[in-house]
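Subject: A structure for you to explore

Hi,

Here is the structure I promised to pass on. Have a look around first, and then read on for what turned up in it.

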Amino acid sequence: MTNMWFHKGEEITEIDPKYIAFVYLITNLTNGRRYIGKKLTKFSRTKTVKGKKKKVKVDSDWQTYWSSSEEVQKDVKELGEHNFRREILHFCISKGTSTYLEAKEQFANEVLEHPDLWYNGHIQCRVHRNHLKFEK
């Protein structure tokens, strides 16, 4: 079984459909090295229904996801999933918000300045104020 996701100490097996993404932290329990990233919970796909193309939302692979970082994936494979902890830092109601919060967490934690503590090798974002949506 895949190592579960946690949010504020609670195990997460389902995500409220209003959230389309989340910002996460993966921690290597053997050396304390960490990774901050974001993950979409649903993807838009085109499906043909009665001869017409229609956009539909399909679940992503978030439950079995171990980041886009090849270095994290390599360590998970070599050390085993049980040596890593996956935490959701923020649930997001828009893709733009997830991009913003991911970058905010990465800058706040100085991930590029401490390669011995962080797997992150780059920070990539382009966000406009209109992209941000926060819950009230």
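Let me start with a question: which strands and which helix each supply at least two residues of the lining of the largest pocket? Keep that in mind while we walk through the fold, and remember that this is a predicted model.

Five strands make up an open sheet in the order 2-1-7-3-4, and their pairing is mixed. At its edges stand strand 2 (10-12) and strand 4 (34-40); each has a single partner strand, so one side of each is left without a neighbour in the sheet. On average, neighbouring strands here are turned by 35° against each other, direction ignored.

What holds such strands side by side? In general, strands of a sheet pair through backbone hydrogen bonds, and they can do so in a parallel or an antiparallel way. You can find both kinds here. Strand 1 (residues 5-7) and strand 7 run parallel and are joined by two bridges; W5, for instance, has R86 in strand 7 as its bridge partner. Strand 3 and strand 7, on the other hand, run antiparallel, with eight bridges between them, and L25 stands opposite E87 of strand 7. Strand 3 (residues 21-28) is also joined to strand 4 by seven bridges, again antiparallel.

Within helix 2 you will find T99. Is T99 buried or exposed? Its relative accessible area is 9%, and buried means under 20%, so T99 counts as buried. Leaving out residues up to four places away in sequence, T99 touches K38, C125, R126 and V127.

Now back to the opening question. The answer is strand 3, strand 4 and helix 2, each of which supplies at least two residues of the lining of the largest pocket. Strand 4 gives the most, with five residues. In total 21 residues line this pocket, and Y35, K38, Y65, S68 and E102 are the ones nearest its centre. The volume of the pocket is about 420 Å³. Sorted by class, its lining has eight nonpolar, nine polar and four charged residues.

There is also a hairpin to look at. Strand 5 (residues 42-49) and strand 6 form it with two residues between them, and K50 in the turn has a positive phi of about 50°. The two strands pair in the antiparallel sense over eight bridges. One example is F43, whose bridge partner in strand 6 is V58.

Finally, follow the chain on to D61, in the loop between strand 6 (52-59) and helix 1 (70-79). With a relative accessible area of 39%, D61 is partly exposed. The C-alpha atoms of D61 and K39 are separated by 9.1 Å, while the two residues are 22 residues apart along the chain.

Enjoy exploring!

Best wishes

Technical notes: Residues numbered from 1 in each chain as written. Predicted model: local features only at pLDDT ≥ 70, side-chain atom pairs only at ≥ 80, totals over all residues. Heavy atoms only, no water. Pairing = 2+ DSSP bridges. Helix = DSSP H or I, 4+ residues; strand = E, 2+ residues; numbered from the N terminus. Axes fitted to C-alpha atoms, helices over the stretch in contact; angles between N-to-C directions. 1 Å grid on protein atoms, 1.4 Å probe; cavity = no way out; pocket = protein on both sides within 12 Å on 5 of 7 lines; lining within 4 Å. Points joined across faces, edges and corners; volume = space filled by probe spheres on them. Nonpolar A, V, L, I, M, F, W, Y, C, P; charged D, E, K, R; others polar. Buried < 20%, exposed > 50% of the residue type's maximum accessible area, 1.4 Å probe, protein only. Contact = heavy atoms within 4.5 Å.
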